[in-house]
Amino acid sequence: MQKETNGAKAPRHFTFKEKIAALGPGFLICGSFIGPGTVTSSTRAGAGYGYDLLWCIVFSVIAVIVTQGMAARLGVVTQKDLAETLQIAFDDRPLLRKFLVGLVAVAIAVGGFAYMGGDLTGTALGVSALTGVSTHIIAPIWGLCIMVLLSFAGDALKYLEKLLAVCVVVMCIVFLITMIVVQPNLGELFGGLVPHIPEGSLMTCLALIGTTVVPYNMFLHAASAKRTWHSAEELPLVAFGTNIPMIIGGIVTGAILITSAAVMQGMTVKNAMDMAVQLQPTLGDFAQPFMAVGLVAAGISSAVCTPMGVSYVLAGLWGWKTDRSDKRFVITNAAVLVTGIVISAFGFNPIALIMTAQAVNGIVLPVVVGVTVYLTCSKKIMGEFTNSTLQTALGWIIFLISLYLGLSSVISLF
């Protein structure tokens, strides 16, 4: 029984074992965004602009902690996912509800289609480095393999995901070690924490943000949180389980940029072999095969998550079942994969395609951030567990910055 103080329950204290277990949903999200897009965009940012865009990663870490924290809290308090809550929040304003549901659906679908093309191409980059076969041949073939895996693999897919997760963790550790080995210039590094956008770097800024703060991940996190926790008294545990993985993911992303800035500044990055240069101080001749295997592992993990993520969001928005009994759910999975296959088969420059996919995510990000902040500010939805003043302020600042960068990139195209 909980001890009481003046009639109120004392705050619950959680064991170390409970805290470790709470990291699961957060690391699921972390594993989703540390894919080929993260490695590619961070490497390109460091090679092209040195440490100048390090502030983008700091902003992304703050943004992902705030937004994923809001999504997870909403899932626990309401015991509904973000898509279901969006429907309920505007049940008395049907026209506005239809508009917002449509806007979110389009944003998630467009971002997911682009991300899928980037995931397949990222995997193909690794395989191409090992085999010499062109990425626009490997990527579509791998897309078909993913479709088969999602359709028939069952439990085997879970074991494959665990194996790939270990590979990605090893790659992250190697980047962290290399960051220390290369001894970056600390003066230039701290200078990169001052927000500014060097000439020609706007799309790279968006790519760095879009590869970390992934719109559909907020929906996935809310759904995962409601399955994991069922009581508001567990919210401190939810916050712990969100913050630690997001910080670790941000540190890894920063390590990739810092390493490439120290080793590759001024280089043009065209393929996986170019990206492997930054790991040579640690791995020497093994850098290229290691980078290739790491990209394959990261690409497969992300490619499996992306179609499922888009399908779960659309299912929540439109009331579908989230299993194979609902053909709409199955067709959406297939549509995301087929679109990714088509995009990756066109023979675009693979690095440019991955960067563009991350930038598209950055453009659609403000829609999902705005919806998440609004819902978690609503007493109708959250009761006494609405955002604090600080959380609300940070949420709207993140929305405005992402909106500014997104609009600026669209305007720059014209």
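Helix α5 (residues 82-89) and helix α11 (residues 215-228) bring their axes within 8 Å and cross at roughly 95°, which makes α5 roughly perpendicular to α11 (65 to 115 degrees; under 35 is roughly parallel, over 145 roughly antiparallel, the rest oblique). This is a predicted model, where local features need pLDDT of at least 70 and side-chain atom pairs count only at pLDDT 80 or more, while totals for chains, interfaces and linings use all residues. Residues are numbered from 1 along each chain as its sequence is written, and side-chain values use heavy atoms, with hydrogens and water left out.

**Helices packing on α11**

- Axes here are lines fitted to C-alpha atoms, for helices over the stretch in contact, with angles from 0 to 180 degrees between N-to-C directions; helices are DSSP runs (H or I, at least four residues) numbered from the N terminus.
- On the α5 side, L82, A83 and E84 meet M218, F219, A222 and K226 of α11 (contact means heavy atoms within 4.5 Å).
- That contact splits into 5 nonpolar, no polar and 2 charged residues (Ala, Val, Leu, Ile, Met, Phe, Trp, Tyr, Cys and Pro are nonpolar; Asp, Glu, Lys and Arg charged; the others, Gly among them, polar).
- Helix α4 (residues 54-78) also visits α11, with axes within 7 Å and a crossing of roughly 35°.
- The α4 residues in that contact are T67, Q68, A71, A72, G75 and V76, and they meet N217, M218, H221, A222, A225 and K226 of α11.
- By class, α4 with α11 comes out at 6 nonpolar, 5 polar and 1 charged.

**Around α10**

- Helix α10 (residues 202-210) is mostly covered, with 8 of its 9 residues buried (under 20% relative accessible area; exposed is over 50%, partly exposed in between, with a 1.4 Å probe and protein chains only).
- Among the buried ones are L202, C205, L206 and I209.
- T212 sits in the loop between α10 and α11, and is buried at 3% relative accessible area.
- Leaving aside residues up to four places away in sequence, T212 touches F33, S60 and V64.

**Aromatic pairs**

- There are 4 aromatic pairs in the structure (Phe, Tyr and Trp rings, using the six-membered ring of Trp, with centres within 6.5 Å; planes under 30 degrees apart are stacked, over 60 edge-to-face, the rest tilted).
- F90 and Y374 are stacked, because their ring centres are 5.4 Å apart and their planes lie at 15°.
- This pair links distant parts of the chain, 284 residues apart: F90 in the loop between α5 and α6 (94-131), and Y374 in helix α17 (residues 350-377).
- F90 is buried at 4%, whereas Y374 is partly exposed at 37%.
- W318 and W320 form a tilted pair, 5.8 Å centre to centre with 45° between the planes.

Definitions and conventions
Helices (H or I, at least four residues) and strands (E, at least two) are DSSP runs, numbered from the N terminus.
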